Protein chains: 2
Amino acid sequence: MSSTAVAPPACLRRPLVVPRRFMFGPGPSNVPPRILEAGANPILGHMHPEIFEIMSDIKSGIQYLFQTKNSMTLALTGTGHTAMECAIFNAVEAGESVLTAVNGIWGERAADMAERIGARVNTIVAPPGGCFSLEEIEKALSKHRPVLFFLTHGESSTGVLHPLDGIGDLCHKYNCLFLVDSVASMGGAPLCMDKQGIDILYTGSQKVLNAPPGTAPISFSDRACQKIFNRKTKPVSFFLDLSWLANYWGCDGKPSRVYHHTGPISAFYSLRESLCILAEEVGDSARLPTVTTIVAPPGYDWKEITAYIMKTYNLEISGGLGPSVGLVLRVGLMGCNSSKANVDMVLTALKNALKHCHKSRV
Amino acid sequence: MSSTAVAPPACLRRPLVVPRRFMFGPGPSNVPPRILEAGANPILGHMHPEIFEIMSDIKSGIQYLFQTKNSMTLALTGTGHTAMECAIFNAVEAGESVLTAVNGIWGERAADMAERIGARVNTIVAPPGGCFSLEEIEKALSKHRPVLFFLTHGESSTGVLHPLDGIGDLCHKYNCLFLVDSVASMGGAPLCMDKQGIDILYTGSQKVLNAPPGTAPISFSDRACQKIFNRKTKPVSFFLDLSWLANYWGCDGKPSRVYHHTGPISAFYSLRESLCILAEEVGDSARLPTVTTIVAPPGYDWKEITAYIMKTYNLEISGGLGPSVGLVLRVGLMGCNSSKANVDMVLTALKNALKHCHKSRV
């Protein structure tokens, strides 16, 4: 090796050490051993028939999770943000009008993404923690005539679960697609894609599903496909181009599949396992609110509280995000974490934090 | 539930069954138990200090793998295609000139990606299996004055390992960034990013590194950063915006990190482990060609050969890809798969396939 060569780094001589930790923040949530073990299965090829069967199982599982019969249902290689971009990149062409509902961080990010691809973006804005009435939404649809309306179902930065009934019908009245972000709510709060007239719906693997982060379930209605497959221009991303993805996931009815990208095989194993657990659950047992926001106790430094709880209980809860920074604490109890014992543990931890952390005289 | 509800799918009542298979195609390659076990560690938060330390270790490991001192070195959430888009999305603005070298499928895909974001794309084309001389490259650089030149180091569709020496200097003479795809070659053929004047270099986790697919190491030279951080427009993708990624990976020198996206924690564990194995290896032991292309034996149906070998030996080798479909067989021996015993096994399998498969009279 020459004198300019880069030597093997000493830090990689240390073995990987990962502590066990209670993950009660807004995600990622704890992954049960059964899902971790599924993910540790040996690798197969991304075009092997066993993988196509696993992808087909995943598709069925997502249809159940989303309560949809859409054939255009699949899991993206990436996270919730990948899904947000996939929806916008495919459904919108440069110059088209997009409307996003901003009542926290996610609406802002969706607006940013749409602007980046040259859409004309308008927003309706509610104060953090607020919601939008059907009247407000209709007024904006009528005024801006968007091709796409973005709404967050579970606003994890402020703890809002937004009502969805009636919005799909309104969107369709104005020939607009209804796009819903359910990353933080899916599986933990009722949502029925078909019944509620949602055209594009996505979530992440690492929240209520309790799988590792790295895959993002998404589904498109026939109405959405109708627009997407009649675009005049190609979407900006080859990786997220729905024509390619639809073929890779066997959703386009074509007899053979063409190599698009190498799917995350191990993550498919764990996602399938998490959907198995969901399919085994009876009725509505998992349907609890997923992220509870608590007003930050006056007189305390919220960072001291979360740090105390992490240090004392090895337990993650979070502060606010975006507009709620400094205002709230956020406790996520998702999937396997959603048990009475864990609620009790969090309450004890909070109680002792209030006792031990410094309080100013207010 | 109403009558239109989607019931839990029966296919998810079946347990996951994954066969063991020899993965001697052009990737993904076999993942050794040590890396699979690392990936099965419990989940931590994407902003926990332990994860930042793991990300820092990964960064050091990639610097060693790439032989670079670039501080802008990180692993993307996604695959080689994600990295290809990340490089092009960040380095190129709409209207700018891009040159891609097409001697197989990867140059075509890079050209497609650049076209999608509105670049003016020119190509230099060699027949499948061919290379480009320094003279040809200089002529095209001088004619098209691109801001970015794309070249594939290991053309896995045709088995070409492209020489790199001198091309970086040429690019810089014409004020052009040199982008190299080393997905199929990195770790299996000599490559020194800094010494060879490469400005953007990426690979995938699932080839010679023997990690599961889902992360993509990438590095940017100071020259590349200089252009990227002085763009007039935002990149089309928020998810792949290097300003955000640089902060998330602690590459921008800022004291604190802002939430960008949720990194694939489990995949970080396994990627780190694969880089540990690399750092432990002595000298050039892993430096063998990664994908061997063999002229498809005349008179045989190549599909019958690969199917026979899969059925009889539970062993994957591949046919051609893109321009080499029907013309070659491709054998990948990557990382832990690259042993004499495995070479012997493949040769035996090929020999018996020729004996047992149908041969037409030619």
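A residue counts as buried when its relative accessible area is under 20%. By that criterion, helix H11 of chain A has these buried residues: A:Asn342, A:Val346, A:Ala349, A:Leu350, A:Asn352 and A:Ala353. The model examined here is a predicted one.

Helix H11 of chain A runs over residues 340-356. It has 17 residues. From its first C-alpha to its last, H11(A) reaches 24 Å. That is close to the 24 Å expected at 1.5 Å a residue. Several elements of chain A cover the buried residues of H11(A). Among them are strand E11 (291-295), helix H10 (302-313) and strand E14 (328-332).

Helix pairs in chain A were examined next. Helix H3 (residues 80-91) and helix H4 (residues 105-116) of chain A have axes that come within 10 Å. These axes cross at roughly 50 degrees. The crossing of H3(A) and H4(A) is right-handed. On the H3(A) side, the contact is made by A:His81, A:Met84, A:Glu85 and A:Ile88. H4(A) contributes A:Trp106, A:Arg109, A:Ala110, A:Met113 and A:Ala114.

A second pair joins helix H2 (residues 49-66) and helix H9 (residues 265-280) of chain A. Their axes come within 9 Å and cross at roughly 40 degrees. H2(A) is thus oblique to H9(A). The crossing of H2(A) and H9(A) is left-handed. From H2(A), the contact residues include A:Ile51, A:Ile54, A:Met55, A:Asp57 and A:Ile58. Also from H2(A) come A:Gly61, A:Ile62, A:Tyr64 and A:Leu65. H9(A) supplies A:Ile265, A:Phe268, A:Tyr269, A:Leu271, A:Arg272, A:Leu275, A:Leu278 and A:Ala279.

Charged side chains were considered last. Side chains of opposite charge can pair when their charged atoms come close. With a cut-off of 4 Å between nitrogen and carboxyl oxygen, the count is 26 salt bridges over all chains. One of these is formed by the side chains of A:Arg14 and B:Glu53, at 3.4 Å from N to O. A:Arg14 lies in the segment before strand E1 (22-23) of chain A, and B:Glu53 lies in helix H2 (residues 49-66) of chain B, so the pair joins two chains. A:Arg14 is partly exposed, with a relative accessible area of 38%. B:Glu53 is also partly exposed, at 42% relative accessibility.

Within chain A, A:Lys173 forms a salt bridge with A:Glu138. The closest N and O atoms are 2.6 Å apart. A:Lys173 belongs to helix H6 (residues 167-173) and A:Glu138 to helix H5 (residues 134-144) of chain A, so the bridge ties together parts that are 35 residues apart in sequence. A:Lys173 is exposed, with a relative accessible area of 59%. A:Glu138 is partly exposed, at 23% relative accessibility.

Chain B holds a salt bridge between B:Lys227 and B:Glu96. Here the closest N and O atoms are 2.9 Å apart. The pair links distant parts of the chain, 131 residues apart. B:Lys227 sits in helix H7 (residues 222-228) of chain B. B:Glu96 sits in the loop between helix H3 (80-91) and strand E3 (97-102) of chain B. B:Lys227 counts as partly exposed, at 21% relative accessibility. Salt bridges that share partners also join A:Arg14, B:Glu53, B:Asp57 and B:Arg272 into one network.

Note on methods:
Residues are numbered from 1 along each chain as its sequence is written. Chains are lettered from A and ligands numbered from 1 in the order in which they are written. This is a predicted model: local features need pLDDT of at least 70, side-chain atom pairs count only at pLDDT 80 or more; totals for chains, interfaces and linings use all residues. Side-chain values use heavy atoms; hydrogens and water are left out. Helices (H or I, at least four residues) and strands (E, at least two) are DSSP runs, numbered from the N terminus. Buried means under 20% relative accessible area, exposed over 50%, partly exposed in between (1.4 Å probe, protein chains only). The expected span of a helix is 1.5 Å times one less than its number of residues. Contact means heavy atoms within 4.5 Å. Axes are lines fitted to C-alpha atoms, for helices over the stretch in contact, and angles run from 0 to 180 degrees between N-to-C directions. A crossing is left-handed if the near helix is turned anticlockwise from the far one by less than a right angle, and right-handed if clockwise. Angles under 35 degrees count as roughly parallel, over 145 as roughly antiparallel, 65 to 115 as roughly perpendicular and the rest as oblique.
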